[in-house]
Amino acid sequence: IPPFHSATFAMAASALQPQDPQFEARVRASFARQAAMDTIGARLGEVGPGRVVVELPFSRHITQQHGFIHGGIVAAALDSACGYAASTLMPAEAGVLTIEFKVNLMAPAQGRSFRMVGEVLKPGRTISVTEARAYALKWERDHDGRAADHDGRRPVAHRRSSQRAVSSSVSGTSSTCHRRTPPSTSDGSH
């Protein structure tokens, strides 16, 4: 299946300049450290300036009671797609955290696999605006009998969000991760 390119993104892609020439290796290494994405079986596909594709195979352990991929799982994969799309444009020493998002679940997430395409709409030094779309792949018909598009992919979710750049000591991307410990209570427990 050919990669998804929105007309808006294709026109603006030339303006998206990574600050780190090694952005792809940095993003791939960071994604590989994400236990959450590993737990749900998500893998990093394409990585380009301002654009990332996260691939998710169907698995029963991430479904809800009706057999569809759970909406929270779709939202988590969309979060990684948006965050890493923004990260491709950040300096090497910066990390990215989501500060707000809205997800529209447009159809049940059913199919053999899924593709989450994250794109930067407006890059910024501190805040970047992103969007992502989730597609069910290898899909023929939905539960109402409607066919998928000509590529065999069917939109299942859309997300708009904002990501904030943070220092590597906060994001854990440096060699020494600074962790905050919870305050002790008066009885010495946490």
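# A working chat about the fold and its salt bridges

User: Hi! What share of the residues in the protein is buried?

Analyst: Of the 190 residues in the protein, 45% are buried. Buried stands for under 20% relative accessible area, exposed for over 50%, and partly exposed for anything in between, with a 1.4 Å probe and protein chains only. This is a predicted model, where local features need pLDDT of at least 70 and side-chain atom pairs count only at pLDDT 80 or more, while totals for chains, interfaces and linings use all residues. Residues are numbered from 1 along each chain as its sequence is written, and side-chain values use heavy atoms, with hydrogens and water left out.

User: Thanks. How many helices and strands does the protein have?

Analyst: There are five helices and six strands. Along the sequence they follow the pattern α-α-α-β-β-α-β-β-β-β-α. Both come from DSSP runs numbered from the N terminus: H or I of at least four residues for helices, E of at least two for strands.

User: And in what order do the strands sit in the sheet?

Analyst: The order is S1-S2-S4-S5-S6-S3, in an open sheet of six strands with antiparallel pairing. Strand S1 (43–48) and strand S3 (94–105) are the edge strands, each pairing on one side only. On average, neighbouring strands are turned by 25° against each other, direction ignored. Two strands count as paired if DSSP finds at least two bridges between them.

User: How many bridges join S4 to S5?

Analyst: Nine, and the two strands run antiparallel. S4 and S5 form a hairpin with four residues between them, and Val 120 has Thr 130 in S5 as its bridge partner. On to the next pair: S5 and strand S6 (residues 154–167) are antiparallel too, joined by 10 bridges. There, Tyr 135 is partnered by Pro 155 in S6.

User: What about S2 and S4?

Analyst: Those two pair in the antiparallel sense over seven bridges, with Val 53 standing opposite Val 117 in S4. Helix H2 packs on the sheet, where H2 touches S1, S2 and S3, and the direction of H2 makes about 160° with that of S1. Such angles run from 0 to 180 degrees between N-to-C directions, using axes fitted to C-alpha atoms, for helices over the stretch in contact.

User: Which strands does H4 lie across?

Analyst: H4 lies across S2, S3, S4, S5 and S6, running at about 40° to S4. Because 13 of its 17 residues are buried, H4 is largely enclosed by the rest of the structure. Strand S5 (residues 127–137) is mostly covered as well, with eight of its 11 residues buried.

User: Switching topic: how many salt bridges are there?

Analyst: The count comes to nine, taking a side-chain nitrogen of Lys or Arg within 4 Å of a carboxyl oxygen of Asp or Glu as a salt bridge. One of them joins the side chains of Glu 24 and Arg 28, at 3.0 Å from N to O.

User: Where do Glu 24 and Arg 28 sit relative to each other?

Analyst: They are four residues apart in helix H2 (residues 23–32), so about one helical turn separates them. An α-helix has 3.6 residues a turn, so residues three or four places apart point the same way. Glu 24 is partly exposed at 35% relative accessibility, and Arg 28 is partly exposed at 30%.

User: Nice. Which residues are linked with Arg 51 in a network of salt bridges?

Analyst: Glu 46 and Glu 119 are linked with Arg 51 in that network. Glu 46 meets Arg 51 at 2.7 Å, N to O, while the closest N and O atoms of Arg 51 and Glu 119 are 3.7 Å apart. Arg 51 lies in strand S2 (residues 51–57) and Glu 119 in strand S4 (residues 113–122), so this pair ties together parts that are 68 residues apart in sequence.

User: Is Arg 51 buried or exposed?

Analyst: Arg 51 is buried, at 6% relative accessible area. Glu 119 is buried too, whereas Glu 46 is partly exposed at 28%.

User: Last one: what does the side chain of Arg 159 make a polar contact with?

Analyst: With the side chain of Asp 79, at 2.8 Å. A polar contact here is a pair of N or O atoms within 3.5 Å; within protein, one must be able to donate a hydrogen and the other to accept it, and residues adjacent in sequence count only if both atoms are side-chain atoms. Arg 159 lies in strand S6 and is buried at 0% relative accessibility. Leaving aside neighbours within four places in sequence, Arg 159 is in contact (heavy atoms within 4.5 Å) with residues including Ala 75, Leu 78, Cys 82, Phe 101 and Glu 131.
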